[in-house]
Amino acid sequence: MSFFKRLKESISSKTEAVTNKFKEGLEKTRTALVERVEELVIRRKKIDEAFYEELEEILIGADVGVNTVMDLIDDLRAEVKKRKIEDAAELQPVLSEKLVGLLRGEENPKLNMAPEGSITVLLFVGVNGVGKTTTIGKLAHRFKSQGKRVLMAAGDTFRAGAIEQLEVWGERVGVDVIKQQAGSDPAAVMYDAVQAAKQRGVDVLLCDTAGRLQNKTNLMEELNKIFRVIQREIPNAPHEVLLVLDATTGQNALSQAKLFGEKSGVTGLVLTKLDGTAKGGIVVAIRNELNLPVKFVGLGEKMDDLQEFDSEQFVHALFAGLIAKEEKQTEEV
């Protein structure tokens, strides 16, 4: 059975709505990456040095990341030798297979949740403007629609309007926000939020934090203080520290992830605005270079457009055109 057929079968049990969200959200990346690879395969036909160079250029252009691309090209060369592939068209499923492998990783993309009857605390970090507050609002909506009791903590007390923005989301999704006035101590806000969560029998506490530039040590000290306050009140919390990144910033998102990851104990990533960029390859770069699981991706503006990341859905959405083409050829035969 061909790789594309296996891929289609493995996602057939998943809901069509989610599959369509991935397809629509990755349209720009599909054009920038897969259609250019397809064009290269048709034009070059033969696998030689010039072919590899062009493929390298396309992958780097889609922000797959230089180190990752070099590894990928080396892997492809080895496979070409091993399988004695001569026709460039035969390389497409091999490339897709390698991408699924790179995206999958060892870690579980599912959120780490506290046992039933305990409070799950999720802490969100990231620089300003990446869509952190929107992500928290959308996740609050997601948990609430699963029947969970949710509370949000407005720990970004430094950015003008951050508290109000979270409150707007709170009203929209029907979830309370624990806050203090602007400029107050974020750790004190977290303490209040944890106490409120305990008193109200909350299932999930979503905590916003300040997003001033990651190279300012005081921000990292602030995060450590928040950590200590939460851990003192709820052992094993926070259950996840999610770094929110804006996919449209490409390589800049990767450098932010490196800095934050080293200093703030990040356990997973949320990539927003994937639908707005042709640089969706950054998911591969970040996943591969940081060895951190991508937990959620933003595939649009709507409330339910924040989706759990699924490596097979991602690659299936990228190669949707090729999969359809292969099916058509099979039917004709």
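A cavity here is a set of grid points where a 1.4 Å probe fits but cannot get out, and its lining residues have an atom within 4 Å of a point. With that in hand, here's a quick tour of this predicted model.

**The cavity**

- How many cavities of 30 Å³ or more are there? The count comes to one.
- The largest cavity holds about 40 Å³ of space.
- Its lining is made up of V37, V41, F51, L55, L76, L91, Q92 and L95.
- Helix 7 is the top contributor here, giving three residues to the lining of the largest cavity.

- Now for the open space: the largest pocket has about 290 Å³.
- There are 20 residues lining this pocket, and V130, G131, K132, T134 and K273 are the ones closest to its centre.
- Which helix gives the most to the lining of the largest pocket? That's helix 8 (residues 132–145), with five residues.

**Rings and charges**

- Two aromatic pairs turn up in the count.
- In the pair formed by F51 and Y52, the ring centres are 6.0 Å apart and the planes meet at 75°, so this one is edge-to-face; the cut-off for that label is over 60 degrees.
- Are these two residues buried or exposed? F51 is buried, at 2% relative accessibility, and Y52 is buried too, at 6%.
- Y52 has a charged neighbour: R77 lies over the face of its ring, 4.3 Å from the ring centre.
- Elsewhere, R172 lies over the face of W169, also with 4.3 Å to the ring centre.

**Strand 7 and its partners**

- Strand 7 (residues 294–298) is largely enclosed by the rest of the structure, because five of its five residues are buried.
- On one side of the pairing list is strand 6 (residues 268–272), which runs parallel to strand 7 and is joined to it by three bridges.
- Which residue of strand 7 is the bridge partner of V270? It's F296.
- Strand 6 and strand 7 also belong to a right-handed β-α-β unit, together with helix 13 (residues 282–290).
- Strand 8 (residues 306–308) pairs with strand 7 as well, but here the two run antiparallel, again with three bridges.
- Within that antiparallel pairing, G298 stands opposite L306 of strand 8.

**Two residues to look up**

- T267 sits in the loop between helix 12 (251–264) and strand 6.
- With a relative accessible area of 32%, T267 counts as partly exposed, a label that falls between the 20% and 50% cut-offs.
- T267 and N291 are 24 residues apart along the chain, and their C-alpha atoms are separated by 9.9 Å.
- I73 is part of helix 6 (residues 66–83).
- Its relative accessibility is 2%, so I73 is buried.
- E53 lies 20 residues from I73 along the chain, with 9.2 Å between the two C-alpha atoms.

Terms used. Residues are numbered from 1 along each chain as its sequence is written. This is a predicted model: local features need pLDDT of at least 70, side-chain atom pairs count only at pLDDT 80 or more; totals for chains, interfaces and linings use all residues. Side-chain values use heavy atoms; hydrogens and water are left out. Rings of Phe, Tyr and Trp (its six-membered ring) pair if their centres lie within 6.5 Å; planes under 30 degrees apart count as stacked, over 60 as edge-to-face and the rest as tilted. Buried means under 20% relative accessible area, exposed over 50%, partly exposed in between (1.4 Å probe, protein chains only). A charge sits over a ring if NZ of Lys or CZ of Arg is within 6 Å of the ring centre and within 35 degrees of the ring normal. Helices (H or I, at least four residues) and strands (E, at least two) are DSSP runs, numbered from the N terminus. Two strands pair if DSSP finds at least two bridges between them. A crossover is right-handed if, with the strands pointing away from the viewer, the path from the first strand over the helix to the second runs clockwise. On a 1 Å grid over the protein atoms alone, a cavity is a set of points where a 1.4 Å probe fits but cannot get out, and a pocket is an open set with protein on both sides within 12 Å along at least five of seven lines; lining residues have an atom within 4 Å of a point. Grid points are joined across faces, edges and corners, and a volume is the space filled by probe spheres set on the points.
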